[in-house]
Amino acid sequence: MRLRRAGSGSDAAFDGAWWPRSHDLAAELPELVAALDTLGVRVERFTYPEQAWTPIERKVAVSGRTVRTGAFRSMDPALVSLTVDGDRRLDLLVVPPEADALTGVRALRLAAGQREESGTPERVLATAGSWSRPEVVVPITGVRAG
């Protein structure tokens with residue numbers, strides 16, 4: 001999980017990115033909340049696109065407190081929204097759990113650094129995955145043609 005730095009463009013399409021390990025919110029949400037707690041961000045509500053996640057209870061106990069959740073059909077499947085610190089809203093780009101390591105790391109960096117409204121979730125994820133991957137050449141020894 002990465003958040004944009006304070007003072008970066010306020011017109012950004014989202015406030016950071018999250019790369020969960022699965023689509024299982026019961027497993028992933030506590031880890032996200034704990035990571036944000038270490039940054040001094042207190043999550044009170046978590047909303048998510050219904051079609052992108054396994055369902056979760058409407059109230060989840062996390063770190064000794066309750067986080068309310070809500071699923072919506074109309075949300076962008078590449079985003080989740082959090083209400084934090086009373087009334088502030090954070091929108092996070094969700095890097096698909098099945099993304100390869102290089103794409104995932106690039107998406108986290110791009111999302112945390114993006115400053116333009118044109119940095120849509122789809123564009124950031126496409127850019128993160130579009131760079132060519134390094135080619136590794138492994139010499140084969142002891143094999144003869146024939």
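Reader: How many residues has the largest nonpolar core, and which have the most contacts inside it?

Author: The model is predicted, so local features need pLDDT of at least 70 and side-chain atom pairs 80 or more, while totals for chains, interfaces and linings use all residues. Numbering starts from 1 along each chain as its sequence is written, and side-chain values use heavy atoms, without hydrogens or water. A nonpolar core joins buried Ala, Val, Leu, Ile, Met, Phe, Trp, Tyr and Cys residues through side-chain atoms within 4.5 Å; buried means under 20% relative accessible area, exposed over 50% (1.4 Å probe, protein chains only). The largest such core has 22 residues, and those with the most contacts inside it are Trp 18, Phe 46, Trp 53, Val 80 and Leu 82.

Reader: Which element gives the largest share of this core?

Author: Helices (H or I, at least four residues) and strands (E, at least two) are DSSP runs, numbered from the N terminus. Two or more residues come from each of α1, β3 (43-49), β4 (59-62), β6 (79-84) and β7 (88-94). The largest share, 5 residues, is that of α1.

Reader: Why do the buried residues of α1 lie on the same side?

Author: The buried residues of α1 are Leu 25, Glu 28, Leu 29, Leu 32, Val 33 and Leu 36. They lie on the same side of α1 because their arc, taken from the directions from the helix axis to the C-beta atoms, is only 130°.

Reader: Which exposed residues does the opposite face of α1 carry?

Author: This face is turned away from the buried side of α1. Its exposed residues are Ala 26 and Thr 38.
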